Amino acid sequence: MAHLTLGIETSCDETAAAVLEDGRRIRSSVVASQDLLHAPYGGIVPELASRRHVEAIWPVVREALTVAGVSLAELNGIAATSGPGLIGSLLVGLCFGKALAFARHIPLVGVNHLEGHLYAALLDHEELSFPFTGLVASGGHTHLYLAMAPGEYRLLGRTRDDAAGEAFDKVAKFLGLGYPGGPLIEEWARKGDPNAVRFPRSVPPRGSYDFSFSGLKTAVVNFVKRSTFNVQRSDSGSRQPSAFSFQPALDPALVADICAGFQEAVVDVLVRVSLTAAKESASQRLILAGGVACNGRLRSKLTERAMEEGVHVYYPKPSLCTDNAAMIAAAGYPRMLRGERVPLSLNADADLALGVM
Ligand code: KG4
Ligand code: ZN
């Protein structure tokens, strides 16, 4: 008989549920995005996010069951994200999972969201196995792991300031492009020249795999302010640039070049650091996960450079890169098989860590 796991994910701004068969086969994966809700604010508003999760959680779980053709009574276990993330958001999915597990007398495991992202690659590539190096680059994280075995992770490096996706979102907000910034910047960048504006790359010293993106973000802001200042001076003779008057003054061709230059800088750093880590770690396998892993330029540059370096790269498909519950069910499944259960007293942890440094 097949083992059916219900995955639940509400750590950030996506309400997601999925049914997974035997830890590998996705029977359903439903994601209700809150992008439109948060777009006017240019970023996630935590209180709005948790309220929307409350409204969406049961319809999303019900749809996941319907699409999978599975009844509540047929579920063998539940895996729910317990951290890290926004505490109010996490609590909605975890409490829902606890209630269902209690009502149905089935096991529940709490899953680390970052471990879920690593499992997304395993879900999509049957031939992939441990050990591997994994980069999780999303709106909340830029973490590089050595995944030795299920449940055994070493944190090789992480961002010291902004996450890669956060940098995309902040630069897009600054340029007035919208939210979420990653896909919008990628679209603009396609029309621009990545070499027209060269932004600084922050590369860690030898032996470190840490990232930093806040300097790059500041460089974009300073470049835009300088460009606008020049435009305004030639337009009106004013010597005082106003902080938010630059957008109408910016030529769309320049916006495209800025996006291309910025994207190239982020991609350059992610490729360099993760390939070095993969080469220096025990395995020559590198997996990419998290929303930023959807980026086409990142995929093409990494594929090209990895081939030269003899590293094999695995990408989950875009719907498994961004937040989803199939990856959470996949990470919870082996633990459930080992007999692991969590008590109903399990609490959500906004800062839940994965792996030792
Ligand atoms: O993994 P995810 O859905 O949620 C978090 O756990 O944060 O990642 C969302 C992040 C956002 O910052 C978004 O701008 C970024 O991933 N992102 C991208 C792309 N698509 C999504 N960044 C760059 N290029 C993309 N195509
Ligand atoms: Zn995520």
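**Close-up views of a predicted model**

**View 1. Cys-95 is partly exposed, at 40% relative accessibility.** Here, buried means under 20% relative accessible area, exposed means over 50%, and partly exposed is what falls in between (1.4 Å probe, protein chains only). A quick word on the source: this is a predicted model, where local features need pLDDT of at least 70, side-chain atom pairs count only at pLDDT 80 or more, and totals for chains, interfaces and linings use all residues, while side-chain values use heavy atoms, with hydrogens and water left out. Residues are numbered from 1 along each chain as its sequence is written, and chains are lettered from A and ligands numbered from 1 in the order in which they are written. How many disulfides are there? A disulfide is a pair of cysteine sulfur atoms within 2.5 Å, and by this rule the count is 0. Cys-95 is in no disulfide, and its nearest cysteine sulfur, in Cys-12, is 18 Å away. Cys-259, on the other hand, is buried at 1% relative accessibility.

**View 2. Three residues hold the zinc ion (ligand 2).** His-113 (NE2), His-117 (NE2) and Asp-323 (OD) coordinate the zinc ion at 2.1 Å. Donors are N, O and S atoms within 2.8 Å of the metal (3.2 Å for Na, K and Ca), and since water is not among the atoms, sites may look incomplete. Along the chain, the donors follow the spacing H-x3-H-x205-D. His-113 sits in helix H4 (residues 113-124) and Asp-323 in the loop between helix H11 (318-321) and helix H12 (326-337), so this pair ties together parts that are 210 residues apart in sequence. (Helices, H or I with at least four residues, and strands, E with at least two, are DSSP runs numbered from the N terminus.) Both are tucked away: His-113 is buried at 3%, and Asp-323 is buried at 13%.

**View 3. Ligand 1 has 22 residues around it.** The closest are Gly-139, Asp-169, Gly-182, Glu-186 and Gly-291. A residue counts as near if one of its heavy atoms lies within 4 Å of the molecule or strand. Which atom of ligand 1 pairs up with the side chain of Glu-186? A nitrogen atom, 2.7 Å from a polar side-chain atom of Glu-186. Asp-323 shows up again here, with a polar side-chain atom 3.1 Å from an oxygen atom of ligand 1.

**View 4. Asn-112 sits in strand E5 (residues 108-112).** Asn-112 is buried, with a relative accessible area of 6%. Its side chain makes polar contacts (pairs of N or O atoms within 3.5 Å; within protein, one must be able to donate a hydrogen and the other to accept it, and residues adjacent in sequence count only if both atoms are side-chain atoms).

**View 5. Ala-293 lies in the loop between strand E9 (285-289) and helix H10 (296-309).** Buried or exposed? Ala-293 is buried, at 0%. Not counting residues up to four places away in sequence, Ala-293 touches Ala-137, Leu-288, Leu-298, Arg-299 and Cys-321, where contact means heavy atoms within 4.5 Å.
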